[in-house]
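This report is written for a reader who is meeting the structure for the first time. Please look over the sequence and the model before reading on.

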Amino acid sequence: MGSRARIRVGWVVILLPVLLPVSGCSRPEAAEETADATTIVFATHMGEHPGWLDGFAAVIRGYRTRYPEVNIKLHYQPLAGFAIWAETQYLGGRGPDLVGLGVGEAHRLGARQGYLLPLTEYLQEESPYTPGHRWMDSFYPVVWVNVQDPIYGEYWTVPFNFFTLRIFYNAEQFAAAGLTEAPTTWKEFLEAQEQLQEAGFVPFLMPNTSSNSYVFPSIEYLGDMIFQSLTPGLDLLDHNGKVDGIEMNAAIYSGRISLADPEVLAVPQLIREWSRYWIRGFNGLDRGLSKVLFANGIGSMYMDGSWDAEALARSVNFELGVFPMPTVTTESTPYADGPRNDNNYNLSFAVGKIARERGHLDQVIDFFRYLTSPEAADTLTQYVAFISALEDYPVPRELEAFAPATGHPWSGYPWYVAQQSGSSEARARLLALLQTYLAGELSDQGLVEGYQPLYRRLAEEELHYARRENARLVKEVAGRLQQVDALIDSLPPPPADPDGADPVASERRQIQRRRDFTQKSLDKAGRQLAFLDSTLSRPPVWEEITPQPPLEPRGD
Amino acid sequence: MALRSTRAEVAKVVVLTVTAAAVLVPFWVMLSISFKDQRQFLRNIFYPAPPFHWENYAAGWEAVAPYVGNTILVAFLVTAISLTCSSLTAYVFSRYDFPGRRALFAALIVLLMIPGVLNLIPQYVLALKLGVVNTIWGLVLFYVAGRQVLEVYILRSFFQGIPRELFEAAQMDGAGHVRQYWSIALPLSKSIIGVLVIMTVIFVWNDFIWPLVVADDFKTVSYGLSFLTKQHSTAWGALMAGYTLASLPLLVLFAFAMRYFVEGVSSGAIKA
C-alpha cells in the first residue's frame, strides 16, 4: 500500500470513531418504542403550528390527573410524509394508538388496509366527558358528513376542529376604490371587483395550478348555494338530506343529473364571470405566490384558510379584512336556492387497531373521548386559538370571522365523480378543462363534451367498485352478527332483574348493544347493496337505445 | 482576424457569465431568504436587507444538527460498499465472457425503469423480515442495493472503454483478474468513480422517504429539514438557513472531488 493510500485509510480510521458517537442521534423518539399496555402513543403533525404541542401536552397532563397510572407519549411527526410514515408503522405492527389523519387517508388505512379501528360503534355510546349525550352528538352534525365512509358507512376518524376558507382583502385598497363594506352577495362581490378594477387594482388573486387551485373550493361553495333543490331527487338511498358519493354516481349513471343541466352549468358559468377580475396568468399562480402578491399589495383580495390568518396578519403592513364567500342570490342566477355552507377542513384523529393488540383499547378510547371533550378544549384554548368541532363550544373572539356556517343541508357536487376507489383522474381532467374554460378558450358545450366521457366512465366504474366492496361488507357484517349471537347464547341465563347491577347482566346488555348495532350496520349495508344492484341492473343512461324515428320513404 | 477572435472571446465570456449567474441565482436566493423573517420574505426574496435574522441559522442548525453525523456515516458506508460491489460486478460484465451475459445485463438494466416509490412498501416489508428496521443497516443495505443497477451500468460502460490491450498486456505479465481489476480497471476509472461518489452521497443526503419510514433512530438530514417545512406557514428564513447548513458538507465534498467529477462527465461515460 502506498503512503497516500495509507493516509486515506488513516483518515477513515480516525473519522469513523468520531462519527459513530455523533450518529444515532435522533430528535423524536420512535412512536412505538415505549408502547405497552400503560403507554398510549399519540401521533400528530400539528407541531408545525405554534402552541399545539404544548396544548396537547397540557391536555395529557389534565387526563393524567384522573388516571396517573396511564402514560401518554406525544409523538410529533412533520406533515411531510406523515401518512406514509403512519402506514409503514402500522404495517410493521408498530404504529401509534391515536393518530391525526385526513379523512381520505383514514378511509384508505381503515377500510382498505385494515389498520384502523372503526369508531362508529363507540360514537353511538355515551361519553363520560359529556354526560347524557352520545359521543358523536357533541359535535356539529355537519362534520360527520365528510367523515363517514361512503361505502362502509363507518366513521374512521373523529373531527377535532374547524378550519374554514375565507376571502382576505386589503382594506386600504377597498377604501381607495370607494368600498366601505365587504360584499355579502355574489352580485355585490362582482360589483366590488369592477370598482377595484376601475380604480386600477387587481381585484382577485386566484390560484389555479394543478396542485394548488382554489377554484375547486369555490365550486363547492357555489354548488351548495345552487344545488339544494336537486337534493331530494338524488338522495334516494338513505333519505338523510344529503347526497353522498354512491347516490351521486347513481344519479349520473341513471341520468337523474347531467353536466348539461342548466343548474349544473350555472356553477362554472358564475366562476367564469368572476374570473374576469382575476389576475392575468391565474392558471400559473399557486397559493404561495398568491399570498406573496397579496402581501405586497398586488391584488386586493385572495382566498386562504383560517389556518394562515394569524401568520398573514403578522406579515402584511396594511389593514387586513376578512369576509366569507358571498351568497349567490337570484340576482345572479335563477338557480340560486340555498345559503352558504362552509365545507369543513378538520384536524381529525383515528385509532389504530394496534391499540387492541396492545391490550389498552378501552383506555385509548377513553383518552380520545377526553381529548374531544369541552374540558380538553378549555385547556387547549389556553395555548392556541381554534374553532372546536364541538357544537356548543364558543368560537374564540379572534376567530369569529372564521366561524363556520353549518347545519344546512348538504347538496353534493355534480361536477365531481365521487371517488370511493381513490382515483384522482376526474379531478385532474376537470382542472385541465377548467383552466382552458376560464381562459376563455372553451365554451360551455366544450367543457361538458370534454369532461363527459371520463365522468361517465368513472361514475360507472365507481359504482361497480362500490358494489363489490359492499357485497364483501354484507358478508363480513353478517359473519360478525353470527359471532355476537353465538356469544350471547354462550352467556349464562339472564338473572331475574335484567336491569340490575349484576355483572353478567351488565355484560349481556353491552353485548346486546353490540348486536343491535351490528344488525343496524347489516341492514344499512344490505339496503346499499340492493340500491346498487337495482341501479346496475339497467345499462347506463348513455347506453340506452333511443328509439329512432321511422325512416321517411324515399321519393324515388 | 484578431478583432473577430476578441469578439468571440467576449461573447464566450458573456454567455458563460450569464449561464453561471443563472445557475447561481437559486443559491443566492437561498442565502438571501435565510436572513429574512416572514414579513421580509413576503416583500422581497432577491436580496438581503437589514435587519438580518441570524436566529434563522440557530433554528436551521437545531433542525439539522442531530442528523448530520448519521448522514455522513450512512453516506460513507453506502458509498464504500456500493462502489465496491458495483465495480466488481461491472468488471465481470465487461471482462468475463459467460453464457447469458447479455441477457443478465439486460435484466439488470430493466430495473432502472421501475420507479423507486413503487417499491416502498415491498421494500419496507423486506426490511421488516430482515430485521433491519430501526437500524443503520436498514438504510445502508437498501441504499447499496438501490444504487447497484445505475452504478453497474455506468461502470461497465466505462470499463469497456478501457483499451483491451492494457488488460492483455497485464495477463501476459501473469496478472489474474483480481490484479487487473485492482491495478488497471480501478486506477483508470478514478474520474467516473469520483462522479459516482458524488452522485451516491447526494442521493443519500437528499433522500427523505426511506429514512422516514425505516429508521426511527437513525434518520438523516432531509428528515430534520422536514421539521422546518410546514403545510401552511413555513418559516422560509429558517428553512433556507437549514438548507444552507445542510449543503455545506456537500460543498466540501465537491471542492475535493470536483476534478474527478469534471473529468468523469467530460469523458462521456455517464452518457453511455
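**Chains and domains**

The model is predicted. Chain A contains 20 helices and 11 strands. Of the 556 residues in chain A, 53% are buried. When contacts in chain A between residues at least 6 apart in sequence are considered, 77% of them join residues at least 24 apart.

Chain B is assigned two domains, domain 1 (1-53) and domain 2 (57-266). The C-alpha centres of these domains of chain B are 31 Å apart. Across the boundary, eight residues of domain 1 of chain B are in contact with 10 residues of domain 2 of chain B.

In soluble globular proteins, nonpolar side chains tend to be buried together. The largest nonpolar core here has 212 residues, and A:F56, A:W274, A:V351, A:L371, A:W415 and B:W210 are those with the most contacts inside it. Helix α19 (residues 444-490) of chain A makes the greatest contribution to this core, with 13 residues. From chain B, domain 1 (1-53) and domain 2 (57-266) each supply at least three residues to this core. Another core lies apart from it and has 18 residues, including B:Y91, B:L155, B:A175 and B:A185.

| Core | Number of residues | Residues, among them |
|---|---|---|
| Largest nonpolar core | 212 residues | A:F56, A:W274, B:W210 |
| Another core | 18 residues | B:Y91, B:L155, B:A185 |

**Residue A:L371 and the largest cavity**

With neighbours within four places in sequence left aside, A:L371 is in contact with A:F42, A:F56, A:V59, A:L98, A:F160, A:F349 and A:A376. A:L371 also belongs to the lining of the largest cavity, together with A:F139, A:F160, A:T372, A:S373, A:A377, A:F386, A:S388 and A:L390. Six residues of this lining are nonpolar and three are polar, while none is charged. The largest cavity holds about 50 Å³ of space. The structure has three cavities of 30 Å³ or more.

**A loop residue**

A:S127 sits in the loop between α5 (120-124) and α6 (143-147) of chain A. Is A:S127 buried or exposed? A:S127 is buried, because its relative accessible area is 1%, and the cut-off for buried is under 20%. Not counting residues up to four places away in sequence, A:S127 touches A:H133, A:W135 and A:R369.

Methods
Residues are numbered from 1 along each chain as its sequence is written. Chains are lettered from A and ligands numbered from 1 in the order in which they are written. This is a predicted model: local features need pLDDT of at least 70, side-chain atom pairs count only at pLDDT 80 or more; totals for chains, interfaces and linings use all residues. Side-chain values use heavy atoms; hydrogens and water are left out. On a 1 Å grid over the protein atoms alone, a cavity is a set of points where a 1.4 Å probe fits but cannot get out, and a pocket is an open set with protein on both sides within 12 Å along at least five of seven lines; lining residues have an atom within 4 Å of a point. Grid points are joined across faces, edges and corners, and a volume is the space filled by probe spheres set on the points. Ala, Val, Leu, Ile, Met, Phe, Trp, Tyr, Cys and Pro count as nonpolar, Asp, Glu, Lys and Arg as charged, and the others, Gly among them, as polar. A nonpolar core is a set of buried Ala, Val, Leu, Ile, Met, Phe, Trp, Tyr and Cys residues joined through side-chain atoms within 4.5 Å. Buried means under 20% relative accessible area, exposed over 50%, partly exposed in between (1.4 Å probe, protein chains only). Helices (H or I, at least four residues) and strands (E, at least two) are DSSP runs, numbered from the N terminus. Domain bounds come from an automatic or database domain assignment. Contact means heavy atoms within 4.5 Å.
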